[in-house]
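The sequence and the structure are shown first.

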Amino acid sequence: MNKSGKILVFAADFFEIKQILQALKRTKNWNFQKINSKKFVFFKAQKNSSEITFCLTGIGKKNATKNTRYSLKKNVFEFDKIFFIGLAGAIDPYLKIGAIVSPNAVFHAQNPTQTINFTNGQSVLATSDFPLLSSQEKSQYHASIVDMETFFSITEILKFTDPATHKNILSKISILKAVSDDLNFRFPENFESNNQIFTTLCSQKNCFAKIFKLIKIILTKPNLSFILANLHIYKNSQKAIKNLTKILMEKLN
């Protein structure tokens, strides 16, 4: 940021902000702080009068609701800009892996009458109660992309703030989502319960701990298609996060 200001960034998982933190660390004069509590984890980068706070909500409705509520102990009014970033699945057939989408509306997929509109961005984001793992599941929703957190987090912010302030809060919000799986991509059967390789690669474990766990998983489940599917999804996610990092860094500078 060339001018002073405070920015709040929400993401579901550390994997989604790791490259951004690394990019900031490569620039000069940023001071970093990781703050752990029993309920929440957030990272703070400070330089002169500029400050960026990264809040990890966790994956899914329950985590996003609970952790966003906890984060509200940090007054949302003190921030000049609020970003919701991370990975999303494409519903629009023209969106390919790595595409960056900035929606100006988000709705609850299982209750589409609940919609939140913004002044920033274009296209529509659907937030689902559960993963949509096939094109058939995704295509029933009238949106460009789908995730599992954003609607619930923003709803929580609005629930605990004065309605008279909502227009001002929504004007500060921008959503940046990177497509990690396009409409035609089909997740392996039972991926939710067989994604240990993907989740290990995305974890905060150090390199040696990751290698040890990966070897253990492969020896326990020596299924080639299962291994290749996890690696393919991780590769797509890395590409998406790389593009997201580039766009967000442009907005932060």
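Does Thr-68 count as buried or exposed? The relative accessibility of Thr-68 is 0%, so this residue counts as buried. The model discussed here is predicted.

## Thr-68 and its surroundings

Thr-68 is part of helix 2, which spans residues 61-71. A polar atom of the Thr-68 side chain lies 2.6 Å from the backbone oxygen of Ala-64. The side chain of Thr-68 is also joined to that of Ser-153 by a polar contact of 2.8 Å.

When residues up to four places away in sequence are not counted, Thr-68 touches Phe-10, Thr-57, Asn-63, Ser-153, Glu-156 and Ile-157.

## Helix 4

Helix 4 comprises residues 150-159, and eight of its ten residues are buried; the helix is therefore largely enclosed by the rest of the structure. Among the buried residues of helix 4 are Ser-153, Glu-156 and Ile-157, and Thr-68 touches each of these three.

## Asn-48 in a loop

Asn-48 is located in the loop between strand 3 (41-47) and strand 4 (50-56). The relative accessible area of Asn-48 is 81%, which means that this residue is exposed, the cut-off being over 50%.

The backbone of Asn-48 also deserves attention: Asn-48 is not a glycine, yet its phi is positive, at about 55 degrees. Most residues other than glycine have a negative phi.

Notes: Residues are numbered from 1 along each chain as its sequence is written. This is a predicted model: local features need pLDDT of at least 70, side-chain atom pairs count only at pLDDT 80 or more; totals for chains, interfaces and linings use all residues. Side-chain values use heavy atoms; hydrogens and water are left out. Buried means under 20% relative accessible area, exposed over 50%, partly exposed in between (1.4 Å probe, protein chains only). Helices (H or I, at least four residues) and strands (E, at least two) are DSSP runs, numbered from the N terminus. A polar contact is a pair of N or O atoms within 3.5 Å; within protein, one must be able to donate a hydrogen and the other to accept it, and residues adjacent in sequence count only if both atoms are side-chain atoms. Contact means heavy atoms within 4.5 Å.
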